[in-house]
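Take a moment to look over the sequence and the model before reading on.

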Amino acid sequence: MEIFGQLEIVEERYEKLNELLSDPDVVSDTKKLMEYSKEQRSIEKTVAVFREYKDIVQQIKDTKELLEIEEDKEMKEMMQEEIKELEPTLAPMEEELKILLLPKDPNDGKNVVVEVRGAAGGDEAQLFAGDLLRMYTRFAESQGWKVDVLERSETGIGGIKEAIFIISGEDVYSKMKFESGAHRVQRVPTTESSGRIHTSTATVVVLPEAEEIEIDINENDIRVDTFASSGAGGQSVNTTMSAVRLTHIPTGVVVSMQDERSQIKNKEKAMKVLRARVYDKYQQEEQAKFDAERKSKVGTGDRSERIRTYNYPQNRVTDHRIGLTIQKLDQIMEGKLDEVLEALRIAEQAEKMAELNKGEEL
């Protein structure tokens with residue numbers, strides 16, 4: 001097994017991390033403690049499967065050795081049966097170990113900041129943006145995740161111009177990262193008397209939530225502007241200067257927040273979004289250095305890319321990146337996204353595996 005050497009290195013690193021996490025110097029250093037704990041969690045399953053694999057290999061070896069010297073016919077038959085049961089379990093475990101060794105997205109375990117906006121299509125696009133917000137909220141609930149809406153700008157007809165929210169929980173980014181892009185809807189609007197199907201779009205951006213220890217934003221690099229909040233139609237929500245606009249001068253990233261009546265709370269929320277956007281911008285720039293144009297069908301990160309079409313008349317959802325079509329639009333809009341996201345995850349793994357095999361051939 002060619003990957004055996006790599007797995008031994010991973011196991012050795014796991015043992016070393018156990019030692020480090022017991023070191024008083026590490027325990028007293030919050031940054032190092034979080035860093036090592038995160039690394040340990042990321043390889044924990046790989047080590048567990050590898051150890052189980054080695055145990056089975058050893059069991060087979062020991063049983064075969066005993067079989068050579070055993071004289072009792074009944075005992076020999078039992079041993080042969082045990083070997084027959086154990087050997088077929090090795091190949092699937094080898095495949096699982098190969099997948100576990102694939103390069104992981106360092107952001108997979110993070111919470112996410114999601115931004116949903118109505119795009120082309122006027123009122124219908126904003127209504128669809130509201131439907132997507134509801135879909136993600138339902139999906140998050142089904143996963144046991146928490147949704148915290150930071151900003152929500154509603155239209156008078158029940159749609160949303162923009163919604164920004166944080167989804168917190170276990171491995172949120174690993175599933176939600178596939179949602180960035182343009183989502184297209186085909187349906188008859190409630191305002192359409194002739195029954196003509198309209199096509200509209202809404203955009204979704206999913207950013208990994210950046211923790212303070214991961215990205216150091218200098219307070220001197222942020223310009224803070226305050227202004228009075230305003231609601232739909234421009235009327236004043238309150239006369240105090242509670243709304244906050246943060247501008248990160250080095251990158252030009254701007255975040256405005258006016259959801260709360262407290263300036264302090266709005267600033268806290270705005271900082272979370274700003275940190276995520278700046279972190280994402282730096283990551284995009286790093287990625288561009290190594291790969292000017294990602295040709296991957298899955299998760300290209302191009303936010304203008306049309307990734308999915310929701311066809312209401314035919315109850316159909318099509319994910320254009322992997323050519324997947326499912327006749328379950330009604331269920332998907334209720335937050336049952338697992339089938340789509342699992343197909344995207346498998347496609348991503350298959351692509352990584354193909355790249356890995358190609359590299360080994362070279």
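The buried residues of α4 pack against α3 (30-69) and α5 (90-100), where helices are DSSP runs of H or I with at least four residues, strands are runs of E with at least two, and both are numbered from the N terminus. This is a predicted model, in which local features need pLDDT of at least 70 and side-chain atom pairs count only at pLDDT 80 or more, while totals for chains, interfaces and linings use all residues. Residues are numbered from 1 along each chain as its sequence is written, and side-chain values use heavy atoms, with hydrogens and water left out.

Which residues of α4 are buried? They are M79, I83 and L86, buried meaning under 20% relative accessible area, exposed over 50%, and partly exposed in between, with a 1.4 Å probe and protein chains only. These residues cover an arc of only 70° around the axis, which puts them on the same side of α4; the arc is that of the directions from the helix axis to the C-beta atoms. An α-helix has 3.6 residues a turn, so residues three or four places apart point the same way. On the face turned away from the buried side, α4 carries the exposed residues K73, E74, M78, K84 and E85.

Helix α4 itself has 14 residues (73-86), and from its first C-alpha to its last it reaches 20 Å, close to the 20 Å expected at 1.5 Å a residue, a span defined as 1.5 Å times one less than the number of residues. At its N-terminal end the helix is capped by D72, which has a side-chain oxygen 3.1 Å from the backbone nitrogen of E74.

**Strands side by side**

Elsewhere, three strands form an open sheet in the order β6-β7-β8, with antiparallel pairing; two strands pair if DSSP finds at least two bridges between them. Because β6 (222-227) and β8 (253-257) stand at the edges, each with a single partner strand, one side of each is left without a neighbour in the sheet. Five bridges join β7 (residues 243-248) to β8, and V244 stands opposite M257 in β8.

Another antiparallel pair is made by β2 (residues 146-154) and β3 (residues 160-168), joined by eight bridges, with D148 opposite I166 in β3. Five residues lie between the strands of this hairpin, in which G158 takes a positive phi near 100°.

**The whole chain**

Altogether, the secondary structure of the protein chain comes to 10 helices and 11 strands, and 38% of its 362 residues count as buried.

Notes:
Contact means heavy atoms within 4.5 Å. A polar contact is a pair of N or O atoms within 3.5 Å; within protein, one must be able to donate a hydrogen and the other to accept it, and residues adjacent in sequence count only if both atoms are side-chain atoms.
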